[in-house]
Each structure stands twice: as structure tokens, then as C-alpha cells.
Amino acid sequence: MCGIIGITCGSEPRESSHGVLDVLVEGLARLEYRGYDSAGLAVVGADPAAPLWRVRAADGTHSLDVVAKRADEAPTEATAGIGHTRWATHGRPNEGNAHPHADCTGRIALVHNGIIENHVELADELIADGHTMASETDTEVLAHLIEANLAADPSRTLADAVRASLPRVRGAFALAVIHAAEPGVIVAARRVSPLIMGIADGAAFLASDIPAILGLTHDFFVLDDDRVAELRPGSISVTTLDGTAAEPKPLHVDWDLDAARKDGYDDFMDKEIHEQPTAVADTLRDRVLPDGTLVLDEVRITNDELAAIDNVFVVACGSSFHAGLMAKYAIERWARLPVQVDIASEFRYRDPVLDSRTLVIGVSQSGETVDTFQAIVEAKRLGAKVLVISNVVDSSMAREADAVLYTRAGPEIGVAATKTHVAQITALEILALYLAQARETLSPTEARDLLSAMGALPGKVADAVARAGAVHTVAEAYRDASAFIFLGRHVGYPVALEGALKLKEISYLRAEGFPAGELKHGPIALIEPGTVVVGVATRTPVWEKMISNVAEVKSRGASVIVVADDGDDETARHADAVLWVPATEPLFSPLVDVVPLQQFAHSMARLHGLDVDRPRNLAKTVTVE
Ligand code: F6R
């Protein structure tokens, strides 16, 4: 879950456009969504006899600021450097556990994302051989293992020592290493955890994620599993672990740097909420022909195979799971296929019943979430067809799947998913219609009406986004409330779950989502005067029942906020406050209804003075179980 970065650009780089330290600090700032418990960097100079220079800090969300200030003390002749922003897994978030980790000599420094599963066994061996471990992390053993392999054969280069070390390592890693004796060289390697590299203007660089090095190039290379790369100024050479030359895979990315900057917004979450109409429009783009045929060229499953599918599973975590729940209604209604939606971490351990007629849809913004990744690996093992919905081109899950449907939301930096969530709902709705088309389960008139309603969605989402001021006024009225219950029915139920998740994760307020019909089976006991209930009450087929549930909580003293269609005074009559949205076809309504709930959570967090982009304890990409 950590972020790593590295750059090499020869001597005197601080005078050049891509100074080592500037690139490291800027890149780490753009990687902080991967974790921000601590930060650090290390650089080597031009003189092989000189020591390497390292700085680390563990000051919560200020860690990188501390590191950036101390970067002024670095040697001006830095030729290559590596940096890290951490989300602690093994070892507390303190300076000693911050990366880069060093070997006993202090001349090797290493950053790592992933988990070294056999670190205890390796540490025991290394300690028995006289090494001293300075941290509680799983990572540090790698620096000592490389040190030992260098010492074992003085003719070895750093890359040779990394190749000699990795066969001993179990687990997942993307790592970058520098050695004071090899100025201008970074050695990188990966297994499972993502790592991309690039070359531009005489420099070579690497990162765990694209946003970190956007602005330096749009053309990247992806390092395959169990490959070792040697980066020198302007060149990258790759080998397998036995030293055989290998080619990295090229990857072109259209995202631009502005997308990874705040662009005048106070925080990324606000910016990304405003980008939602574009995310929806871009995800629809080129996928509906003028005659209404849906084209999903990238879905490499034939129409015959799709027609043979007789059941669907959606596996995902968090907001992506909620997008999956929303899609269940559309796929079942339009394509007449039974759909089960599973939390990915539960799916993989419960021995699910799948076969070649099962379509498993993995939904993951990052395409790297380990639980979802392992769930699709298990689904493939059991013979199912796997389709992944991901926002990141060539992500680990995209590579593992039989087919990919990309959301085109651009990079999302705020930890709370917003624009990628609505892009996922859009992609899943397209897929539902595509399945219906392949299975001929919708009449031409129904299909035409739905496609026309779909075409209007970017405009409706834009209309909803434009109402942030009104939502903020409602949030101000409830700023002192400490407990919220979100209710919904039918497609409003996953919207309620998403509203509650957004509120709890960025404002740290108690917020639970329930299916409104389930209220009487227990949760209604929570209602007392002052409890705030947020009801998703737009006009779905179960609107009347939803209104009865709203009336029940109101009569027990709850303060009620409803999400309601424009002009629906009947719904408003039951509420203390209304979050108005433009009306849309019920199965598309989650796309619009979720917007005021994102804005409500955003306003509450801001009113409480919280850092909405970096909520405590969270990381954007969860690559540990
Ligand atoms: C919530 C949020 C998380 C993610 C979850 C899955 O705002 O962002 O719940 O949705 O960690 O992440 P991906 O979609 O990358 O698999």
C-alpha cells in the first residue's frame, strides 16, 4: 500500500529540469494517497567513495513536509535517488520503521511496497551471520540480503546482488535500491506489487503509480513479475532473475498532469466530485453506436460465450462493492441473469460454486486491491470467465482477467472514491445493457429508451454536482450531530451504504447504512430524538414503502434528511431537510443520488476541520489482506 519512486539523471541534476530531489518530493506528494504514516528518501552522489544521504520522518500527514524541508541539506551532486511514502503494516509508523531502509554499512538503501512473508526466517539467518536489524519492518531484511550477496562475490554489481537475493524471498514486492558505490544507478524489481518505469530528457525513473511521474512522460514501461531492471540516466535494461535479457512492456497513458493537481480546488475530493460529469461522459464515450449497438471492443469474451453465461458474481471491496450492488439490479432486470455480489475478502475463502458458465466481474478502481485480485484468481482457477472493471490501464487485475472494461475517470488522488465510483456504476450499467443485447432480453424500444436515458446522465450528474452550496447548507444545520443512519431500498440501498461509508471515512462520525425494510428487524431501536436519518427517497418502484419507513423514524423523533427528485413535494413533506436531485430512470438513479451524499460527507468533514484527502488510518490502495 506504500508508494515508491526513483529517478536517476546523472551529475549536477539539481540544475536540470528534473532535479533528483524535486522529482522525488513532488512524486511522493502525488503518491501520498497510497499511505502517509511516514516518508523518506535517499540519494547517491557522483563520487563512488562518498556515503549515500538519507532522510526519514514519521509525523503523520506532515511527514513529507519534514522530509522536503530537510532535502535542502542533501548533497548537490545527487545522481540518483529513491523515495517512499508508507502505510504501516509491519512495525509501527515511526521514523525507525520509515523507508528507505539501509544495510549494515549504510551504503545500500532500499524502498519497498508489498509484504515479505518470510522476513522472520530471513532475519534470523542474517542476524546469525552478524547483521543488525534496525527496524521492526519486513522490508529491512532485503537491504541486508543484498548486502550479503554483494559481499559474497566482489565482482557482483548491485543488479547481480538483487538477482541473487530475490529467489530467497517469498511474498509481494516492488522495490528500488541504490548503492553509494554505483552513482547514477537504481535497481528495481517486482513481484505482484505494481511498478512502472519511464525515460525522458536523459533521465530514467520508476514509481508504484502513474500519477507520481506524470509530467515526465506519457510513455511508460511495465516491469513483469520476477524481473530486475537497471536504470541509468536515459536507459533501462531488464533481465529475468537468472540474468537473461528481457523486454519491459510499453504502456502509453493519456492522463495529463493537471489531472493529478488540485487545479484551484481546496482538496482533491472536491475537485474529483466536480470531475464526475466528465468521468461519466468519458466512460460512455465510443461505446454506444448511433444505431444503439453497444461496442465493448476491449471485452475479449465472444458474444457466444456471453450468451452461454447463466450466472454472474460481482466481487469487490468498499465503494467498488457498493457499485457492484447497484449493478445487480440492472443486470438482473435487463439481462435476466442471477447476480450475487460478494465482498472480495469473503468470496475467496468460502468455496464458491462456479463453472465455465459463470461470469465473475471484479470491480476495482486501482486494479491492485489484493482481496479482489485474489478473488478473481480463485474464480479463474474454478473455471469462471473473469471480467475486470478498473480505472488503471494494465493494472494487475486487468492483466489477470479474461476481459477488461476500463472506467475513464483519470487519476483519483483523494482517498475517498468519488469520480471512480460513478465511473464504475456507469461501466457496470453499460455492461448490463451489453449482456442484455447479447442475450436479447430487452425489446428494441426498451433498449432505445434506456440508451437515451444513459446519454443524458453526464448532464444530470453535472446538475447534481452544481448544487454543492445547497448541500453545504444542510450539512451546516447538522454539523453537531454525532450519529447518522442511512436508509434506502432497491437501488437506493447501496446508495445509502455508500453515503454512510463516505461520511464515516472522512468525517469519523458514526454512520451506518441499512435497507429501509430491515429497520423494524432491529436497527429501529437506535432511533431516538436527535438521531439523524438520511433517506434515499427518489422515485424507484418501492418509493411508497420507502416513504413509510421514513415516516416511522420521524414519528420516533429522528431528524430526517431525504434525497428527493426535483419538485417531489410529497417526499419533502416527510423530511426536515431535502437534498434535491434531477430525476432519472430508476436503475440509473444511483449515479445521481450518490452525488449529494458525497458532498454532504465532504462538507461535514470540512466543517469539522478534517483533512478530507487523507483520512486517518486509510490508504487508497489496499494491497494487504
Ligand atoms: C472508499 C474507498 C474504498 C475503496 C476500496 C476498494 O471511499 O475508496 O472503500 O473503494 O478500498 O478499492 P479499489 O476500487 O481500488 O479496489
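Predicted model: local features only at pLDDT ≥ 70, side-chain atom pairs only at ≥ 80, totals over all residues.
Local features need pLDDT of at least 70 and side-chain atom pairs pLDDT 80 or more, while totals for chains, interfaces and linings use all residues. Residues count from 1 along each chain as its sequence is written, and side-chain values use heavy atoms, leaving out hydrogens and water.

Colleague: Which strands stand at the edges of the open seven-strand sheet?

Modeller: The antiparallel order is β5-β6-β7-β8-β12-β13-β14, where strands are DSSP E runs of at least two residues, helices H or I runs of at least four, both numbered from the N terminus. Pairing takes at least two DSSP bridges.

Colleague: In β6, what is the bridge partner of A102?

Modeller: β5 and β6 (residues 108-116) run antiparallel and are joined by two bridges. A102 has its partner in β6, and that's A109.

Colleague: How many residues apart in sequence are the parts that E275 and K419 tie together?

Modeller: These two form a salt bridge, with closest N and O atoms 2.7 Å apart; the cut-off is a Lys or Arg side-chain nitrogen within 4 Å of an Asp or Glu carboxyl oxygen. E275 sits in the loop between α7 (268-274) and α8 (276-284), and K419 in helix α14 (residues 419-439), so the parts tied together are apart by 144 residues.
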